[in-house]
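This note sets out some points on covalent links and charged pairs for a colleague new to the structure. Please read the points below alongside the sequence and the model.

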Amino acid sequence: MATVRNAFSIPCFSVLCVAWMISGAAAEAPSPAKPPFACDVANNPGLRNLSFCDTSLYLTSRVDDLVSRLTLPEKIGWLVNKATGVSRLGIPSYEWWSEALHGVSYVGPGTRFSSLVPGATSFPQVILTAATFNESLFEAIGKVVSTEARAMYNVGLAGLTFWSPNINIFRDPRWGRGQETPGEDPFLASVYGAAYVRGLQQREDGDSDSLKVAACCKHYTAYDLDNWKGIQRYTFDALVTPQDMEDTFQPPFESCVVDGNVASVMCSYNQVNGKPTCGDPDLLSGVVRGQWNLNGYIVSDCDSLKEMFYNQKYTKTPEETAALAVNSGLDLNCGSFLSNHAEAAVDRGLLNTTAIDRAVSNNFATMMRLGFFDGDPRNQFYGNLGPKDVCTPTSQELAREAARQGIVLLKNIEGSLPLSLAAIESLAVIGPNANATHTMLGNYEGSPCKCTSPLQGLTASVRTVYEPGCATVLCPKARVDAARKVAAAADAVVLVVGSDQSVERESLDRTAITLPGQQQLLVSQVANASKGPVILVIMSGGGIDVQFAKDDPKVSSILWAGFPGEAGGAAIADIIFGYYNPSGRLPMTWYPQAYVEKVNMSDMHMRADTEKGYPGRTYRFYEGPTVFSFADGLSYSEFRYKSVKAPTSVSLELDDGHECLRRNSTACEWVDASTMTTNTCKNTRMEVRVVVENAGERRGGHTVLLFWEWKWKWKKLVGIKKMEMEGLGEGVGVLEVDLCRHLSVVDEMGKRHVPLGQHLLRVGTLTHSFVLGII
């Protein structure tokens with residue numbers, strides 16, 4: 001039965017939201033619990049004589065002192081996520097595993113909610129936040145999340161080490177965890193990862209040696225398949241070319257470590273070219289620790305060592321697996337494998353105590369940077385944070401703003417959106433996600449502060465009539481007749497369809513990328529029966545083949561809302577009614593269903609191969625039709641590029657004796673980036689200035705996307721700039737391009753080169769040509 005609604009306050013049907021309301025109504029909150037910390041000299045004065053408790057000493061000296069005092073079993077107790085306390089030294093047990101993908105999460109045993117802190121700000125799922133292309137927003141969200149995390153730690157509800165963000169490349173549209181990532185582009189993923197990490201980790205007191213909370217970039221590396229047609233992530237061997245590894249999969253992790261200074265990297269379940277990532281010394285000690293100089297610890301995905309031994313059968317004994325992991329550079333095991341087998345590995349001579357000391361030292365150094373060994377955290381810089389600092393009005397407004405900036409307008413027949421309240425007396429709100437609350441949060445969620453469904457958001461402005469149309473998003477049988485009746489009687493229709501965690505999530509990849517069940521039938525029938533505008537809103541983590549709706553003239557507008565977080569319904573209404581001018585852009589390609597019928601998800605190749613009929617992946621390499629393309633997104637305003645200004649000639653200063661200087665420089669087609677010193681590439685940034693005009697009367701945001709092209713076959717994103725302009729206003733976007741990192745190509749051997757000669761930058765339809773030389 002259709003339900004007429006015209007009140008602002010509508011019951012929230014999510015289990016999470018109901019729990020929030022019940023706990024929030026408690027008459028008295030419980031007393032805060034004591035957070036875990038070491039060196040409590042106030043209550044144990046004897047600890048004052050221990051050097052590792054002396055905050056005046058250098059961190060390395062404190063760590064060395066602590067490790068020297070521990071027995072082998074005590075050291076091994078700090079190689080697993082459920083670290084064992086050492087009471088004789090005043091060190092409590094500690095749980096390393098907490099999550100903060102898009103807000104403090106209840107996933108992981110290190111964090112919980114209670115009536116003291118019943119919820120935390122739930123921002124949009126990462127894929128929608130990435131659609132904002134707004135670096136400053138990425139960092140701002142991280143700052144809020146870390147503040148709420150510290151506040152919860154102070155009352156014993158959270159840890160200090162958070163295994164977020166997920167910066168894997170969204171390589172295949174079927175991947176259930178694509179929703180957790182910043183999308184398909186390595187540059188965008190790199191910018192997002194570094195910015196979010198800075199937001200989580202950087203302290204407001206300017207202490208660059210210490211951490212607010214410790215972030216973790218995961219899952220390293222080439223991890224983007226969970227469970228597809230029986231192929232499991234636990235045993236999948238990702239066969240990746242050196243070119244694709246260096247060009248696609250590694251850049252976000254390098255940026256996370258080098259630019260973000262992340263405190264941790266998590267190795268993944270899968271193998272890469274026959275080697276488990278958590279047991280590959282080249283990937284861990286060689287690249288993460290050696291080339292990128294990680295200042296922190298390397299942790300395994302949960303039970304990945306167990307999977308390496310029992311399912312991958314990579315070693316003959318569990319002791320060999322334990323030794324392989326630690327000797328390869330692993331510091332912390334999420335799980336109990338090292339606590340069960342590391343000591344036996346030492347006894348058998350497979351693992352020496354020096355390797356264990358190195359691993360546990362990295363772990364303790366991270367905890368010291370967090371202040372864990374500095375005494376009571378309530379007497380430290382963040383000691384004043386508490387429940388009052390969680391779910392503040394400012395934080396909740398930022399969640400709404402992030403959703404508004406991320407929502408992407410993909411179709412808008414002239415005059416359809418925004419809806420005019422003066423012209424609409426009744427609005428039909430139809431679809432299985434129309435009254436969604438929990439669905440809006442995505443996965444790795446926490447309990448939200450509050451939640452506003454699309455129905456609630458729309459009802460706040462206009463009288464609505466609600467009809468779900470399907471019992472669930474799986475929609476085995478659509479309620480077509482009821483939906484058509486409601487639609488025919490309304491002045492306009494908002495259809496909210498898509499997916500949820502029953503369709504795409506961790507451990508569940510899709511096999512089809514069309515709307516589930518009979519949702520397509522529901523959309524087409526409702527559109528046909530409607531007398532006014534039909535706005536199709538899609539909630540999903542990945543792209544969906546909605547070509548039928550794109551082609552249907554009765555579907556006047558299409559919005560992609562991702563999983564928009566706790567304020568998603570309000571943000572959707574803000575855009576539909578024109579309170580906010582949409583500016584989101586797709587962070588991933590939307591393919592037709594025919595693509596997934598042709599391409600195996602397990603094929604890791606990025607580049608197209610016409611001889612084999614392989615179409616390639618992502619906007620950089622895909623050769624074929626799309627439903628919507630990477631970076632698609634409309635606005636209620638028209639933004640025009642007036643000019644692009646940059647140098648017409650730039651040069652790299654090579655080291656003395658470089659081979660390109662020893663011979664005629666014109667004979668050098670490119671410079672091998674691996675032979676260039678850090679100093680050579682340190683100050684090689686080129687400034688690009690883009691003048692943008694807002695030709696419309698509405699204030700609006702616009703993202704400048706700067707693409708680089710070389711020899712008309714290499715195309716990649718090298719710059720993003722989010723701008724906000726008044727109606728009929730003008731602005732200048734300043735972007736910086738790193739000549740070494742951004743204007744480089746990778747050959748088939750995985751070697752990175754900087755091409756010399758003619759280059760092209762493109763912004764919209766404008767181009768700028770310049771010559772790159774050497775001196």
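1. Cys-391 and Cys-449 are both buried, where buried means under 20% relative accessible area, exposed over 50% and partly exposed in between (1.4 Å probe, protein chains only). The two residues form a disulfide with their sulfur atoms 2.0 Å apart; a disulfide is taken here as a pair of cysteine sulfur atoms within 2.5 Å. The link of Cys-391 and Cys-449 is left-handed, with -90° about the S-S bond. Because Cys-391 lies in the loop between helix 13 (353-369) and helix 14 (393-406), and Cys-449 in the loop between strand 13 (427-430) and helix 15 (454-459), the pair ties together parts that are 58 residues apart in sequence. Helices (H or I, at least four residues) and strands (E, at least two) are DSSP runs, numbered from the N terminus.

2. On the basis of these values, the model is a predicted one: local features need pLDDT of at least 70, side-chain atom pairs count only at pLDDT 80 or more, and totals for chains, interfaces and linings use all residues. Residues are numbered from 1 along each chain as its sequence is written, and side-chain values use heavy atoms, with hydrogens and water left out.

3. A search of the whole structure finds six disulfides. One of them joins Cys-302 to Cys-334, with an S to S distance of 2.0 Å, and this link is right-handed, with 80° about the S-S bond. Cys-302 is in the loop between strand 11 (297-300) and helix 10 (304-310) and Cys-334 in the loop between helix 11 (318-328) and helix 12 (337-347), so the pair ties together parts 32 residues apart in sequence.

4. Cys-216 counts as buried, at 0% relative accessibility.

5. The structure holds 40 salt bridges, each being a side-chain nitrogen of Lys or Arg within 4 Å of a carboxyl oxygen of Asp or Glu. Among them, Arg-741 pairs with Asp-259, the closest N and O atoms being 2.9 Å apart. This pair links distant parts of the chain, 482 residues apart: Arg-741 is in helix 24 (residues 739-742) and Asp-259 in the loop between helix 8 (251-258) and strand 8 (264-267).

6. Glu-504 and Arg-510 meet in a salt bridge (3.9 Å, N to O), and both are buried.
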